[in-house]
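The following report treats a sheet, its covering helices and some aromatic contacts of the structure shown below.

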Amino acid sequence: MDAHTTKRLTLISDAWHPQVNGVVRSIENTNRELEKMGVAVTMITPDLFRSMPMPTYPEIRLALAAYGQVARKITESAPDYVHIATEGPLGFKARRYCLKHGIRFTTSYHTRFPEYVAARLPISKDMLYGIVRRFHNSGNGCMVATDSLAHELEERGIHNLMRWSRGIDNALFHPRAKSEAPFGGLKRPIFLTVARVAVEKNLPALLELDLPGSIVVVGDGPARKALEEKFPNVHFTGVLQGEALAEAYAEADVFVFTSKTDTFGNTIIEALSSGVPVAAYPVTGPSDILEGHEGAGALDEDLKTACMKALAGSPEKARELALTYTWEAAAGQFYDNMRTAHDG
């Protein structure tokens, strides 16, 4: 990679703190590595404007920014590159600004926005995919985490797709000695998941299973109260971060990834890095990470079958697979994608 010590990136995202999710973590970690590479990053996020809670999901704040406010922020940042991370209110205003001023820009596809909205509101997925297609095709490159997601989006008519993988903090998430009675005295084996406790994460697929030992859910969200009442034998920890989160992963015997709609699954890599085999459905994300890596995890349309196979998996193979993912490499991909799109 050539020297680029004076390059400025303006990154617009509707997903930002206080949200705790894969989008926010991916951007944070990529920004950290880009800064090391000499790229100055300016973030334009909802916390810079008045905002309102998203209907049906109050943890997410929607920016009430006028177009002129967003335009002024982008102009003031004097970017060499613009990346629009999300198809939200800020994302659409930033897109409008770039198109109006003839500025080349990249986007990224983090969340299955059509499925996410259709699960909450009576709007057809086809109509929503039309919006998504128009949004991403107007840019000069749309970054996706996996080959299977790229193939899916191509079939939906989205073009100029670029790979941007993910990394992991292998120093924070690492195998640790397991306690005999973890999480305040639960029985092993521990089947753990880390996720937003929301409808699109498909958590009942795990919580309804008849498994040996205990089920632990790390995370919070709008569905938590109802699920706690419905599944009183499941242990809910709430949100954990940093060292506490890493310790929770390492206590698990199996990590269970229940979602069928995620585009990657950062939590899968965090679990693998902690030496915990993963059970998941054979869908985009889990399949891209786990297929061909016997022992690191198990994929099955029957989630209980996947859980029991993963229980017999190899912590060493899980960790070995995780070590192939680094944020340094992912940020390098991101930068190269921006440069390719800009030079076009």
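Which residues form one aromatic cluster? In this predicted model, Phe173, Tyr249 and Phe255 do so, where rings of Phe, Tyr and Trp (its six-membered ring) pair if their centres lie within 6.5 Å, planes under 30 degrees apart counting as stacked, over 60 as edge-to-face and the rest as tilted. Local features need pLDDT of at least 70 and side-chain atom pairs pLDDT 80 or more, while totals for chains, interfaces and linings use all residues. Residues are numbered from 1 along each chain as its sequence is written, and side-chain values use heavy atoms, without hydrogens and water.

Phe255 stands in strand 12, opposite Leu192; strands (E, at least two residues) and helices (H or I, at least four) are DSSP runs numbered from the N terminus. The open sheet has six parallel strands in the order 11-10-9-12-13-14, pairing requiring at least two DSSP bridges. Strand 11 (235–238) and strand 14 (297–299) are the edges, each with a single partner strand, so one side of each lacks a neighbour in the sheet.

Helix 10 (residues 242–251) lies across strands 9, 10 and 12, and helix 11 (residues 266–273) across strands 9, 12 and 13, contact meaning heavy atoms within 4.5 Å.

A charge sits over a ring if NZ of Lys or CZ of Arg is within 6 Å of the ring centre and within 35 degrees of the ring normal.

| Charged residue | Ring | Distance from ring centre |
|---|---|---|
| Arg166 | Trp164 | 4.1 Å |
| Lys260 | Tyr281 | 4.4 Å |

Technical notes:
Axes are lines fitted to C-alpha atoms, for helices over the stretch in contact, and angles run from 0 to 180 degrees between N-to-C directions.
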